[in-house]
Amino acid sequence: MFKGLTPINYNGREVWPLVEGGKGVAATNHASAGAWAAAGGIGTVSAVNADSYDAEGKIIPQIYSALTRRERHEELVHYAIEGAVTQVKKAFEIAGGKGAVNINVLWEMGGAQRILHGVLERTRGMVAGVTCGAGMPYKLSEITASYGVSYLPIVSSGRAFRALWKRAYSKASEWLAAVVYEDPWLAGGHNGLSNAEDPLVPQDPYPRVRDLRATMREGGISDDVPIVMAGGVWYLRDWSDWIDNPELGKIAFQFGTRPLLTRESPIPEEWKNALMTLEEGDVLLHRFSPTGFYSSAVRNPFLRHLEARSERQIAYSTEHAGDHVFQLDVGVKGKNFWVTRNDLLRAREWFGLGFTSALKTPDNTLVFVGEEEKGVIRKDQADCMGCLSQCQFSSWADSETNSTGRLADPRSFCIQKTLQDIAHGGPVEENLMFAGHGAYQFKRDPFYSNGFVPTVKQLVDRILTGD
C-alpha cells in the first residue's frame, strides 16, 4: 500500500480514493465501472449516449430516422436514458456491493437535465454520485439531491466553484461528495480553460488546487470533502506531497487514461493498440470541438486534417473597400467576396490543389475544401440530432428556435458521429481519439511491457502500490 493513502468515507462506506474517469460516448461502460467499484474504488459509468443491448447482448445501433432535428433530438434523449439505465444496472450488479458506482454527464450535452432525471428516477439506490462538467451545472445539486444522490462538480479553478457554490450548491451542501479539479492542461477530453489562461503556458496544479480548497473553506466546507485531482495522474508516487497535506485537505485521484487499457475497457482493440504507440506531445490541446471548449485528443490524421482545413482560411468583406482588395469568385450565387491580393493568390493556389469549394464561417472568413469534403460536411450538419445544448458545427441549440443564431461552422465537426464510430470499431486514424496528455506513459511504463493488458483489478492493485 502506498504510504499515507487511506480509504475515504463515501456515501456511508469506505472506498479507496481512486476514481475512474467517466469518458464520453461509450468509452467507459458497465464492465469497466463495475470492475473498478468491485476493486474498492469509485467506478464511473458514462451517461453520454450510452449503449443499450438486445436480448442476445448485442449493442443496439442508435439509428435516427426522424425528419426534423427536434424529432431526432427526442430520439437521442430516449436512447441516452435507456442506455445509461442499462449501463448503471449492469455496473451495480458487477460491483457486488463493493466500492461505489457513479455516473458522468456533460452539462452541455443535449437534454442533459431531462436525461439526468430519467436515469436517476430509474436507478434509485444504485448511483452513488454524479460527476458533471463541461459547463456551469448550476442545477446539478438540485436535481441529484431530489433523488438522494451525491454530486461531484468538475471545475478547473476556485473561481468557477465559488460561482457554483454561491448561486446553487450552498443550498444542498449535504449532498456535495467531492469537488473534481480537472487540470485544463493535462486532462483528456474537454478542458475548462478560461479566456484569461494561455493554452500554451501550463500552470502548476498545486497552487490552483490549494486555492480551490481555500475557496471551499470560505464556504464552510469541511476538509473531509475530498478534492479529486484529475488530469496527469499516472503514478501516485508523483503525488506523495499531496497526500496528508494540511494545505489541501483530503485528496482523491481520478484516473481517466489508464483505465482505457484494461481487459474490461470497452474500447476496440485498434484503439488500445494505438495507445501503446504514443509519444510525449502526441496529444494536442485544440479548439475544434463544436462545444466551443478546448479539448485534448491524439493528434492523429483526423485532427491534423482539421488543422489543415483551418489553415486554408482567408478573411473576406462583402463590400469593396479600396484598391488593395480584389474580387474572389467562389461560385456563390449573388455574393461578392473581396479579399486582399495575398489571400487571392492563396485561394488560387488552393483551387489548383483541388480545394475548389469555399465555405463561409461565422467569423467572416472562407475555408477551402474539396467537393467530396464539402458534401460530407453539409450532410453531417443536416443530420444533426442535437447531441449538444449548443453546437457550433450545426448551429443547433436546446431552445425554442433550435438554433444558436450563428452560421454553422465548417471548421468543426460532428462530435457525436466520430465518437460513436471510434467507440464501435471505426478506424482510429479517421476519428477523434480523446486521451490525457500522459498517454505516452503506456509506452514507457514497465507494467505494460510485452503488450501486457491488465484487468481492472490488476490495475487498481498496481496503482495502490504507488506505481
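Helix H9 is followed by Gly354, whose phi is positive, near 100°. Helices and strands are here DSSP runs, numbered from the N terminus, a helix (H or I) having at least four residues and a strand (E) at least two. The model is a predicted one, in which local features need pLDDT of at least 70 and side-chain atom pairs count only at pLDDT 80 or more, while totals for chains, interfaces and linings use all residues. Residues are numbered from 1 along each chain as its sequence is written, and side-chain values use heavy atoms, with hydrogens and water left out.

H9 itself comprises 12 residues, 341–352, and at 1.5 Å a residue it should span 16 Å; the expected span is 1.5 Å times one less than the number of residues. The C-alpha atoms at its ends are 17 Å apart, which agrees. Within H9, Asp343, Leu344, Ala347 and Trp350 are buried. Seen down the axis of H9, these buried residues fall within an arc of 125°, so they line one face of the helix; the arc is that of the directions from the helix axis to the C-beta atoms. The face turned away from the buried side carries the exposed residues Arg341, Asn342, Arg348, Glu349 and Gly352. Buried denotes under 20% relative accessible area and exposed over 50%, with partly exposed in between (1.4 Å probe, protein chains only).

Just after H13, Gly466 takes a positive phi of about 105°.

Across the boundary, 18 residues of domain 1 are in contact with 21 residues of domain 2, contact meaning heavy atoms within 4.5 Å.

Two buried strand residues may be considered next. Val130 has its place in strand S6 (residues 129–133) and is buried, with a relative accessible area of 0%. Leaving aside neighbours within four places in sequence, Val130 is in contact with residues including Ile103, Val105, Leu116, Leu140 and Leu152. Tyr10 lies in strand S1 (residues 8–10) and is buried, with a relative accessible area of 3%. Among the residues that Tyr10 touches, not counting those up to four places away in sequence, are Val15, Ile42, Ala128 and Leu152.

Finally, 3 strands form an open sheet in the order S9-S13-S12, with antiparallel pairing. Strand S9 (189–191) and strand S12 (283–286) stand at the edges, each with a single partner strand, so one side of each is left without a neighbour in the sheet. S9 and strand S13 (residues 294–298) pair in the antiparallel sense over 3 bridges; two strands count as paired if DSSP finds at least two bridges between them. In S13, Tyr294 is the bridge partner of Asn191.
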